[in-house]
Amino acid sequence: MRRWTASAAGSIRITGAASDIDPNGGDGVSVSIKKGSGVLWQQTIVNGNAAGFSYDVTTTVSPNETIDFIINKISGNSNDSTSFTPTIAFTAGGSPTDLNGDGATNVTDVQIAVNQAMGTTACSSGDVNKDGSCNVVDVQMVVNKSLGL
């Protein structure tokens, strides 16, 4: 097993392939990509399957969340050499719709998108209402100001 640990919240795209590289016997392997206890992708590779399988998986991660890359034997491990070549592309900030980076897509993100469409930058002045965070109230205050309200 190989493990990758997220350093921050974000989204990841895992691409690659898995295949048998020893056609001289063996009974194959089960190859999987897991996020915590959940399976993101899994395939059984029989002996001689040199073409194997490709994968392209996208998921969000939280700080310190792990992704495991696992190769398990079917019954024996003789002649079961396997190629497993994952590549992880990490994008900080989670979902592309999580515009304020709070880990969720919500009404604040919608208001930020409205601001951006109007050519203003949400929370560019910081915490407009001074409550300690960029939230829907701050965004609405910027929208109102840009509308002359």
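A polar contact is a pair of N or O atoms within 3.5 Å, where within protein one atom must be able to donate a hydrogen and the other to accept it. I keep that at the head of these notes, and I also note that the model is predicted.

**Entry 1: D68 and R3**

I began with D68, which has its place in strand β6, and found that its side chain makes a polar contact with the side chain of R3 at 2.6 Å. I then checked the pair as charged groups, and the side chains of R3 and D68 meet in a salt bridge, 2.6 Å from N to O. The pair links distant parts of the chain, since R3 belongs to strand β1 (residues 2–5) and D68 to strand β6, 65 residues apart. Is D68 buried or exposed? I looked up its relative accessible area, which is 7%, so D68 is buried. R3, by contrast, is exposed, with a relative accessible area of 51%. Setting aside residues up to four places away in sequence, I listed what D68 touches: M1, R2, R3, S32, I33 and K34.

**Entry 2: the other salt bridge**

How many salt bridges does the structure hold? I found two. Besides the pair already noted, the side chains of R13 and D56 meet in a salt bridge at 2.4 Å, N to O. This pair also links distant parts of the chain, with R13 in strand β2 and D56 in strand β5, 43 residues apart. I recorded R13 as partly exposed, because its relative accessible area is 43%, and D56 likewise counts as partly exposed, at 47% relative accessibility. Side chains of opposite charge can pair when their charged atoms come close.

**Entry 3: T66**

I went back to strand β6, which covers residues 66–73 and includes T66. T66 has a relative accessible area of 18%, and I therefore wrote it down as buried, the cut-off being under 20%. Leaving aside neighbours within four places in sequence, T66 is in contact with R3, W4, T5, K34, K35 and G36.

**Entry 4: the largest nonpolar core**

Which residues touch the most other members of the largest nonpolar core? Of its 15 residues, I noted I14, V31, I33, W41, I67 and F84. Strands β2 (10–20), β3 (29–35), β4 (38–45), β5 (53–61) and β6 each supply at least two residues of this core. For I14, I read off contacts beyond four places in sequence, among them I33, L40, Y55, I67 and F69. In soluble globular proteins, nonpolar side chains tend to be buried together.

**Entry 5: F84 and the aromatic rings**

F84 lies in strand β7 (residues 82–84) and counts as buried at 16% relative accessibility. I compared F84 with A17, and the two are 67 residues apart in sequence but 6.0 Å apart in space, C-alpha to C-alpha. Away from its sequence neighbours up to four places off, F84 touches several residues, including A17, V31, W41, Y55 and F69.

Y55 in strand β5 and F84 in strand β7 are 29 residues apart. I close with the cluster: W41, Y55, F69 and F84 form one aromatic cluster.

Notes:
Residues are numbered from 1 along each chain as its sequence is written. This is a predicted model: local features need pLDDT of at least 70, side-chain atom pairs count only at pLDDT 80 or more; totals for chains, interfaces and linings use all residues. Side-chain values use heavy atoms; hydrogens and water are left out. Helices (H or I, at least four residues) and strands (E, at least two) are DSSP runs, numbered from the N terminus. Buried means under 20% relative accessible area, exposed over 50%, partly exposed in between (1.4 Å probe, protein chains only). Contact means heavy atoms within 4.5 Å. A nonpolar core is a set of buried Ala, Val, Leu, Ile, Met, Phe, Trp, Tyr and Cys residues joined through side-chain atoms within 4.5 Å. A salt bridge is a side-chain nitrogen of Lys or Arg within 4 Å of a carboxyl oxygen of Asp or Glu. Rings of Phe, Tyr and Trp (its six-membered ring) pair if their centres lie within 6.5 Å; planes under 30 degrees apart count as stacked, over 60 as edge-to-face and the rest as tilted.
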